[in-house]
Amino acid sequence: MIRGIKGIKDITPDEMPKWSVVERTAHALAHAFGFQEIRIPVFEKTDLYVHSIGGTTDIVEKEMYTFPDKAGTSLTLRPEGTAGVVRAFIERGLKTYQSSRKLYYIGPMFRHERPQAGRLRQFHQFGVEFVGSAEPSADVEVMTLLWRFFSSLQLPGLSLELNSLGVLTDRQAYKTELVAFLKTKVHLLCENCRRRLDANALRALDCKVPHCREATKDAPYLTDFLSPSSKDHFDRVLQGLQALAIPYSINPRLVRGLDYYSMTTFEVSCSALGAQNAIGAGGRYDGLFETLGGVPTPAVGFAIGLDRVILALPESTVPAPDPWVFVASFGEKGRPAGLSLLDSLRLDQVKADTDYNASTLKTLLHSADRLEAPYVVILGDDEVTNNQVILRNMATKEQEIHPLNTASSAILAHLRFRQTRRNID
Ligand code: HAM
C-alpha cells in the first residue's frame, strides 16, 4: 500500500462539518468587511518567496518545497499567501480603479516543518490583505476582522499581542544597538541566532530556545526607537482597538518570522492548543510592493491557521446536520416510484438518499437505522396502488400518510416546519 506523506493529512467526511462552519464564517465575515475573494496559484517561481519572505528566514532557509520544472525553472509550493497576492496585484493591475482594495483567500499552504499536533506540512490558511491604505484604521479593521472571526466561532483562551517594528530607518537605528547588545551575550545564543546576528538580528528576540530568551531578556526595545510618526501610527492603532473593545497586550519581542513586515505586527495565540498555539498573525508590509517591482503601496493583512482553528473549535459551534429523508422503496411498482420521489425531493433541495443494495422493507429500514436517517419514506407496491406514501419520524416513530403525487412538497413543508421549530427551541 502506498501511504500518504508525513504531516499531510486527509480531511475525512466526518471532519467536514467543522471545516464547513469555519469556512462559511470566513467567507461571510470577509464579505461583510468588504473583502473580495482571490484565488492565487499553489506554486510560483521560487524567487518570489525568497525576495518577499526573506533569504535568512526559517521559511526560505529550511521549509520550502522547491523543485525544478522540466525547463529547469525553480518553483516552490506556496508557503504563505501574501507574496502571491502582491505578485497578482502588480501583474494584473488590480488597484487601477480604486484607492484601496481588500482581498481574501482560503487554501492550502506548504512548509517542510517537523510535524506535530497543530503543525503540518500541508496546512490551510484564511488570509486577508488590505491594500492601498497607510491609515491606522486599516490595521484596526484587519485586526477587528481577525478578532470577530475567532469570537464568532467561540474559540476559547485567545490573546492578541501586538508590536510596532517601525519603518526601515527606525529599525536600522535599533539594529545597531541590538547587535552591539547581543554581541555581549553571544556565548548564550543558539547556533541559528549567532549565524543570523548580522543579517537578521531581530529574530533573536522571539527565538524560542531558552538560552536565547535568557540572553535577550534585557535587550533594548524597538518601541523605544520609533520615530514620532511611527509612534503616532502605533498609538492610533491602539486607540482604535480600545474604541472597539478588542482586548490586546503589547509584546515588544514580537518580530514575526517573515522579513516583509514594517510598523504594526500582531499574533493571536490560543491557550486551548498545545505548543503550536499561534492561531493567526499578520501585520503591515508597506515595502513589499516595491521589493517585488511594483509602485510603493501600503498594505496590511493577516493569515489564520485553519487546522489550528479546527483543533480549538468547540463542538457547540457546529450546527446539527439538516434533517434528511431515506427513501425505502421496494417491489415492482414501489421501486421506480421511489426513484422518481428521490429525484423530486432532490430538485426541491431536500437531502434524500436510499440504499440500492437493499430491496426488502426490512433491509431498507436496517440501512436507514445504520445511516441514522431522521425520516424514512416507505413506498411499496401497496402504497403506489393507493397513491400514498408513509413518512416515518425515526426518533418518535410517528407516521404520517401523504398522497404520492404531492409527497415531495408535503415532506419539504414538514421538514421546514420541524427545522423552524428546532431553531426556535
Ligand atoms: P504566518 O505567521 O507564517 O504568517 O502564518 C499564519 C498562521 O498560519 C500561523 O499563525 C499559524 O496559525 C498557521 N501556520 C503556519 N505554519 C503552520 C503549519 N506548519 N501548520 C499549521 N498551521 C500553520 C503568514 O503566513 C503571513 N502571510 C500572514 C500575513 C498576511 N501577513 C500579512 N498578510
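We're working with a predicted model, where local features need pLDDT of at least 70, side-chain atom pairs count only at pLDDT 80 or more, and totals for chains, interfaces and linings use all residues. Residues are numbered from 1 along each chain as its sequence is written, and side-chain values use heavy atoms, with hydrogens and water left out.

**Exercise 1.** Work out which residues of H1 and H5 meet.

*Solution.* Start with the elements: H1 covers residues 16–32 and H5 covers 136–152. Next, look for contacts, meaning heavy atoms within 4.5 Å. On the H1 side you get Val22, Thr25, Ala26, Leu29 and Ala30, and on the H5 side Leu145, Arg148, Phe149 and Ser152. Sorted by class, that's six nonpolar, two polar and one charged.

**Exercise 2.** Find the salt bridge partner of Glu315 and say whether each residue is buried or exposed.

*Solution.* Apply the cut-off: a side-chain nitrogen of Lys or Arg within 4 Å of a carboxyl oxygen of Asp or Glu. Now the accessibility: buried is under 20% relative accessible area, exposed over 50%, partly exposed in between (1.4 Å probe, protein chains only). Glu315 has 59%, so it's exposed; Lys18 has 19%, so it's buried.

**Exercise 3.** Classify both ends of the Asp286 and Arg284 salt bridge.

*Solution.* Their closest N and O atoms are 2.8 Å apart. Asp286, at 23%, is partly exposed, while Arg284, at 0%, is buried.

Key. Axes fitted to C-alpha atoms, helices over the stretch in contact; angles between N-to-C directions. Helix = DSSP H or I, 4+ residues; strand = E, 2+ residues; numbered from the N terminus. Nonpolar A, V, L, I, M, F, W, Y, C, P; charged D, E, K, R; others polar.
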